[in-house]
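Subject: Handover of the structure

Dear colleague,

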Amino acid sequence: MWGVIKSVLAAFFGVQKERQRRHDFEHGKPGAFILVGLLMAVVFVVVIAALAIYVAG
Amino acid sequence: MRKMLALMTGGGTLFGGASLAHANGWNMPVGVTDLSAEIYTLHMTIFWICVVIGIVVFGVMFYSLFKFRRSKGAKSAHFHENTTVEVIWTAVPLLILVGMAVPATATLQKMYDASDAELDVMITGQQWRWRYEYLGEDVAFNSNMSTPRAQITGEEERGEHYLLEVDEPLVLPINRKVRFLLTADDVIHSWWVPDFAVKQDTIPGFINENWVRINEPGIYRGQCAELCGMDHGFMPIVVHAMEEDEFDQWLVERKEAAEAEAMGVDREWEMDELMERGEQVYGSICASCHQADGGGSPPAFPGLAGNQELIDDVDWHIDVVLNGVSGTAMPAFRSNLNPVELAAVVTYSRNAWGNDTGDAVQPAEIVELLE
């Protein structure tokens, strides 16, 4: 699970180690990456919105 | 860091020195409001950041091309990835972008904060003039370009403020927060005065907000910045910024003049008076399409001189001026001109250029039709 989150974070940032990428494609399930990706996108939007609301006072 | 920033913006002032507070240089003007100066500083800061990035990137590239050229025996390296380098070249631009976004957002917030204004001015874009209304003060007028046709057609020398001069400028006080409410009657226009760093679209059916607090008295010029038809280039903006007491006096005078004109609605007007006032109104409102000599530009803008339909039917003539003609470029003037102006301009076009109908349309008749 932690491995999937790390891979999704790497995808958000846009940089991934070649070794990890191979590992994910050979052993990972696509559904897990899609689900975690969607959830973390929602978390990202909520964090940005909360930050903007906090800064704007 | 602070020293570096000061150096960069200082360099910016030097770079744009020739254009200080003027729109005719290479750079954007510093302008005459705190906000326009802030926008200028922001612009120059980002400009110098881009210059530094450009020098570093192209410097490294050209140095590498020269230093490691094949004729000196350089061999290309073959490797597939380097995660550390990739992380650095992703993170550095991210930090630079965030670093620029923080001050830019702070400035944007100030630009959008039109609260606590001391004066509200409604600005309406029309084909092809601006209308200014001092809300709550009963003062409103149209502002038309005053550059003579002969200068445009090349029959006369161009004046100093060619295409940037109007019959009645927008008058504003300095040191007061003025809120603009911007809209349009027909198509999208855009009210743009570089010295205020204000460029705001005016859209039919919408009201946009903007604001300005001018620091220095003076004449500031701008133009319509959204292509709006044939005379898009002929609807300039001129703002006359005055000292506060001078402005208050001007406003009182305008209010009194407006009241005097409103009183004039009830009395009988002489033909000469109507013709004189009518010529003035015709020149500023009608002549841009129907031409000063009443000849028009057929087929889009029919001639009025010797127009039989107009000569025969005064009621039809008044109706056209009041309500416009749908499907043509003729707008309704019932709410843009007051009854005296409407009566005068109809009288003028019924009697000028050999139309000689002898009809004197009274303001009181117009008032009845407007109700």
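The notes below take the pockets, the helices and the backbone in turn.

This is a predicted model, in which local features need pLDDT of at least 70 and side-chain atom pairs count only at pLDDT 80 or more, while totals for chains, interfaces and linings use all residues. Residues are numbered from 1 along each chain as its sequence is written, chains are lettered from A and ligands numbered from 1 in the order in which they are written, and side-chain values use heavy atoms, with hydrogens and water left out.

**Pockets**

Rolling a probe the size of a water molecule over the atoms shows where empty space is left. A pocket here is an open set of points, on a 1 Å grid over the protein atoms alone, where a 1.4 Å probe fits and protein lies on both sides within 12 Å along at least five of seven lines; lining residues have an atom within 4 Å of a point. Grid points are joined across faces, edges and corners, and a volume is the space filled by probe spheres set on the points.

The largest pocket has a volume of about 1,200 Å³. It is lined by 46 residues, of which B:Phe141, B:Asn142, B:Glu168, B:Ser284 and B:Glu341 are the closest to its centre. Helix H6 of chain B (271-290) is among the elements that supply at least two residues of this lining, and H6(B) gives the most, with eight residues. By class, the lining of the largest pocket has 21 nonpolar, 13 polar and 12 charged residues, where Ala, Val, Leu, Ile, Met, Phe, Trp, Tyr, Cys and Pro count as nonpolar, Asp, Glu, Lys and Arg as charged, and the others, Gly among them, as polar. At least three lining residues come from each of domain 2 (119-262) and domain 3 (264-370) of chain B, with bounds taken from an automatic or database domain assignment.

The second largest pocket holds about 730 Å³ of space. Of its 36 lining residues, B:His290, B:Ala329, B:Met330, B:Pro331 and B:Phe333 are the closest to its centre.

**Helices**

Helices (H or I, at least four residues) and strands (E, at least two) are DSSP runs, numbered from the N terminus. Helix H2 of chain B (residues 34-67) has 34 residues and reaches 49 Å from its first C-alpha to its last, close to the 50 Å expected at 1.5 Å a residue, a span that is 1.5 Å times one less than the number of residues. In chain A, an unreviewed UniProt entry lists residues 31-56 as "transmembrane region", an annotation that may be inferred rather than shown by experiment. Over residues 31-56 of chain A the chain is 100% helix and 0% strand, with end C-alpha atoms 38 Å apart.

**Backbone**

Most residues other than glycine have a negative phi, and most peptide bonds are trans. A cis peptide bond joins B:Gln127 and B:Trp128, with omega about -5 degrees, and the bond from B:Pro298 to B:Pro299 is also cis, with omega near 10 degrees. B:Pro299 lies in the loop between H6 and H7 of chain B.

With kind regards
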